[in-house]
Amino acid sequence: QVQLVESGGGLVQAGGSLRLSCAASGRTFSSRSMGWFRQAPGKEREFVAAISWDDSSTSYADSVKGRFTISRDNAKNTVYLQMDSLKPEDTAVYYCASRVGAISRQQTSYNNWGQGTQVTVSS
């Protein structure tokens, strides 16, 4: 129902920072909970972070807690993923996704996905 376009990926050294952005089209962004997922080479896609439609709640995978921060700017129809203290194991293609309603960690509950952006962390 909406288009999502990620940006901000790139190559960084371990310990560095990167901020991903996901710009959404449509008029229903403020009613959608948003999530970030990632897929590393040879691995299945996994949950990273999510934020509720009303900005009242966030959720993080244990592997990124304390290092990543999800946020949203409804006026700009954009969700962000601030990634600090990056590790080589964070290397993956990062995808943003949206769903109408409550915050969720489940991939199958999201019905709109972006094309992904590559994040590579060198050691």
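Reply: A disulfide is a pair of cysteine sulfur atoms within 2.5 Å. The model is a predicted one, in which local features need pLDDT of at least 70 and side-chain atom pairs count only at pLDDT 80 or more, while totals for chains, interfaces and linings use all residues. Residues are numbered from 1 along each chain as its sequence is written, and side-chain values use heavy atoms, with hydrogens and water left out.

Me: Why are Cys-22 and Cys-96 called a disulfide?

Reply: The sulfur atoms of Cys-22 and Cys-96 are 1.9 Å apart. The limit is 2.5 Å, so the pair qualifies.

Me: What makes the disulfide of Cys-22 and Cys-96 right-handed?

Reply: The torsion about its S-S bond is about 45 degrees, and the disulfide is therefore right-handed. The bond links distant parts of the chain, since Cys-22 belongs to strand S3 (residues 18–24) and Cys-96 to strand S9 (residues 92–100), 74 residues apart. Strands (E, at least two residues) and helices (H or I, at least four) are DSSP runs, numbered from the N terminus. Both Cys-22 and Cys-96 are buried, a word that stands for under 20% relative accessible area, with exposed meaning over 50% and partly exposed in between (1.4 Å probe, protein chains only).

Me: What does the secondary structure of the protein chain come to?

Reply: The protein chain has 0 helices and 11 strands. Its elements, read from the N terminus, run β-β-β-β-β-β-β-β-β-β-β.

Me: Why is the protein chain called as compact as a globular protein of that length?

Reply: The radius of gyration is taken over C-alpha atoms, and the globule rule is 2.2 Å times the number of residues to the power 0.38. For 123 residues the rule gives 14 Å, and the radius of the protein chain is 13 Å, close to that value, so the chain is as compact as a globular protein of that length. Along the principal axes, the C-alpha atoms fill a box of roughly 40 × 25 × 25 Å. Buried residues account for 46% of the 123 residues.

Me: How do you know that Asp-90 is buried?

Reply: Asp-90 has 1% relative accessibility; the limit for a buried residue is under 20%, so Asp-90 is buried. Asp-90 sits in the loop between S8 and S9. Not counting residues up to four places away in sequence, Asp-90 touches Arg-38, Arg-67, Phe-68, Ser-85, Val-119 and Val-121. Contact means heavy atoms within 4.5 Å.

Me: Why is Ser-85 called partly exposed?

Reply: Its relative accessible area is 41%, which falls between 20% and 50%, so Ser-85 is partly exposed. Ser-85 also lies in the loop between S8 and S9. Its phi is near 50 degrees, a positive value in a residue other than glycine.

Me: What makes Gly-26 partly exposed?

Reply: Gly-26 has a relative accessible area of 43%, again between 20% and 50%, so the term applies. Gly-26 is found in the loop between S3 and strand S4 (32–39). Apart from neighbours within four places in sequence, Gly-26 is in contact with Val-2 and Asn-77. Asn-77 lies in the loop between strand S7 (68–73) and strand S8 (78–83), and has a positive phi of about 50 degrees although it is not a glycine.
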